[in-house]
Amino acid sequence: MEEKEILKVDHLTKKYEDLTVLEDISFSLKKGEVVVVVGPSGCGKSTLLRCINGLEEIQDGKVSIEGKTGMVFQSYDLFPHLSVLQNLMLAPLKVQKRKKEEVQKEAEQLLERVGLLAKAKQYPRQLSGGQKQRVAIVRALIMHPEVLLFDEVTAALDPEMVREVLDVIMDLAKQDKTMLIVTHEMAFARAVADRVIFLDGGSVIEDTDPENFFGSPRTERAKRFLRTFEFESVNAS
Amino acid sequence: MNTEVVNSYIPIYVKAFLLTLKIGWVGVVLAFILGIAGAFVLYFKLPVLSALTRAYVELFRNTPLLVQLFFIYYGLPVLGFKINAEVCGAVGLGLLGGSYMTESIRSGLDAVPKIQTESAVSLGMSRSQTFLSVILPQAFSISIPALVANVIFLLKETSVFSAISLMDLMFTAKDLIGLYYNTTESLFLLVVFYIIMLLPVSFAGSMIEKKMRFKMFGDGKHGI
């Protein structure tokens with residue numbers, strides 16, 4: 001694996017007026033690295049992704065990216081007035097001015113890869129939540145971003161659809177895509193991550209490999225956070 | 001009612017009808033262009049232009065078309081601009097319509113979820129690309145009932161064109177009544193020709209609405 005840094009976040013601070021949401025965040029992603037960001041609700045995970053791809057202004061620090069980012073959101077955000085294929089082709093045609101035949105071919109290949117080629121002509125309303133998210137992932141992929149950002153992409157899905165979406169992301173990890181993933185799925189995080197960043201109260205509390213984080217978390221806050229998931233699984237059984 | 005009189009009037013009405021239709025539709029197209037531009041400015045809150053657009057919308061929404069036409073037709077020549085009645089009618093109608101269209105399209109734009117803009121921007125699309133390819137088509141399908149109502153309203157407003165001596169339907173009817181006193185026949189044809197002009201707009205409007213809504217929301221019977 002190359003040691004080139006694709007994404008570098010340097011002392012990033014984000015405030016909404018007087019409220020500091022992210023404070024002095026620094027980390028970087030190397031090419032092909034998969035970093036998972038976990039933390040309690042409201043800790044600033046989603047805001048961090050939005051700052052990285054420029055949807056939010058930052059008050060201090062710097063974000064440098066080698067190339068472009070692609071982002072997939074929690075809510076299914078496909079364009080409802082366009083078919084699946086049109087959803088995928090819009091940005092490559094308008095932004096990158098690529099040839100229609102070439103884009104369509106790639107769109108169909110990618111759809112086939114996520115098992116949705118048969119849905120190419122359908123509209124978003126005709127798809128299930130999991131299918132929509134898979135299309136949204138393909139829509140980000142087809143722009144050939146250097147870094148993919150995933151913002152809790154399974155949080156709004158019915159449980160039986162979570163797996164099909166996570167499988168697609170696992171598949172991307174195998175293809176050495178560089179990814180920054182915010183998720184609440186701890187088993188998935190452990191399986192997919194090269195590194196785990198634990199965010200709490202707007203600061204990075206831990207930045208370590210998944211074995212260390214899930215096996216023997218250093219800080220009391222991380223331990224407490226992970227225990228909430230144990231409690232949930234005990235409750236569920 | 002004398003059918004012979006009606007028959008003899010029909011060619012005169014057809015001529016007036018075509019003129020009304022021509023000026024009416026030029027005005028409507030102008031109204032759409034102004035409305036899309038105005039809504040773009042308001043949606044992205046462009047500095048200075050937003051204030052100007054607001055002032056324009058309020059000025060034209062809150063004055064009668066008749067007054068606007070008088071202003072353009074009799075006022076501009078005083079300032080040294082000569083303008084013929086047809087152009088004046090179309091421009092007046094376009095300006096009035098633009099103010100209504102701006103508001104209708106803007107309310108449609110506001111109803112499109114913000115995440116749509118964010119996803120488009122995340123895909124690298126520019127503001128105008130996002131507006132034209134993603135937000136506007138969705139806003140249109142939300143605003144269609146209001147837009148159709150505006151078009152019908154504008155085409156009906158052409159009836160004040162007679163005030164600037166344009167030979168539209170209203171002018172023709174008034175003229176014929178004044179000349180020959182065949183009031184019943186003249187008014188009957190007036191109603192018929194307005195309906196011929198407007199009924200297709202209503203039907204086309206409902207059809208477009210159904211088609212666009214179906215694409216986005218289905219028939220409304222099946223939840224997701």
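Me: Which residues are buried in α5(B)?
Reply: Helices (H or I, at least four residues) and strands (E, at least two) are DSSP runs, numbered from the N terminus. Buried stands for under 20% relative accessible area, exposed for over 50%, and partly exposed for in between, with a 1.4 Å probe and protein chains only. By that test α5(B) is mostly covered, with 7 of its 9 residues buried. The buried ones are Ile115(B), Gln116(B), Thr117(B), Glu118(B), Ser119(B), Ala120(B) and Ser122(B).

Me: What kind of model is this?
Reply: Residues are numbered from 1 along each chain as its sequence is written, chains are lettered from A and ligands numbered from 1 in the order in which they are written, and side-chain values use heavy atoms, with hydrogens and water left out. Local features need pLDDT of at least 70, side-chain atom pairs count only at pLDDT 80 or more, and totals for chains, interfaces and linings use all residues, as this is a predicted model.

Me: What covers the buried residues of α5(B)?
Reply: Here contact means heavy atoms within 4.5 Å. The cover includes elements of chain B, namely α1 (3-43) and α6. It also includes three elements of chain A: α1, β5 and α4.

Me: Is Thr117(B) buried or exposed?
Reply: Find Thr117(B) in helix α5 of chain B, which covers residues 114-122. Leaving aside residues up to four places away in sequence, it touches Tyr43(B), Thr130(B) and Ile135(B). Its relative accessible area is 16%, so Thr117(B) is buried.

Me: With which side chain does the side chain of Thr117(B) make a polar contact?
Reply: A polar contact is a pair of N or O atoms within 3.5 Å; within protein, one must be able to donate a hydrogen and the other to accept it, and residues adjacent in sequence count only if both atoms are side-chain atoms. At 3.3 Å, the partner of Thr117(B) is the side chain of Tyr43(B).

Me: How far apart are the end C-alpha atoms of helix α6 of chain B?
Reply: This helix, residues 127-157, has 31 residues. The expected span of a helix is 1.5 Å times one less than its number of residues, and a straight helix would reach 45 Å here. In the model the ends of α6(B) are only 35 Å apart.

Me: Where does a kink lie in α6(B)?
Reply: The bend at a residue is the angle between axes fitted to the seven residues ending there and the seven starting there. In α6(B) the kink is about 65 degrees, and it comes shortly before the proline Pro145(B), at Ser143(B).

Me: How many helices does chain B have?
Reply: The C-alpha trace of chain B spans about 70 × 50 × 25 Å along its principal axes, and 46% of its 224 residues are buried. Its secondary structure has 0 strands, and its helices number 8.

Me: How many residues of strand β3 of chain A are buried?
Reply: Look at both faces of β3(A): Val34(A), Val36(A) and Val38(A) are buried on one side, and Val35(A) and Val37(A) on the other. The strand is largely enclosed by the rest of the structure, because the buried count for residues 34-38 is 5 of the 5.

Me: In β8(A), what is the bridge partner of Val37(A)?
Reply: Two strands pair if DSSP finds at least two bridges between them. β3(A) pairs with β7 (residues 178-182) of chain A in the parallel sense over 4 bridges, and there Val37(A) has Val182(A) as its partner. β3(A) also runs parallel to β8 (residues 195-200) of chain A, joined by 4 bridges. In β8(A), the partner of Val37(A) is Ile197(A).

Me: Which are the edge strands of chain A?
Reply: The open sheet has 6 strands in the order β5-β6-β7-β3-β8-β9 (chain A), with mixed pairing. Each edge strand pairs on one side only, and the two are β5 (69-72) and β9 (203-208) of chain A.

Me: In β9(A), what is the bridge partner of Ile197(A)?
Reply: β8(A) and β9(A) run antiparallel, joined by 5 bridges. The partner of Ile197(A) in β9(A) is Asp207(A).
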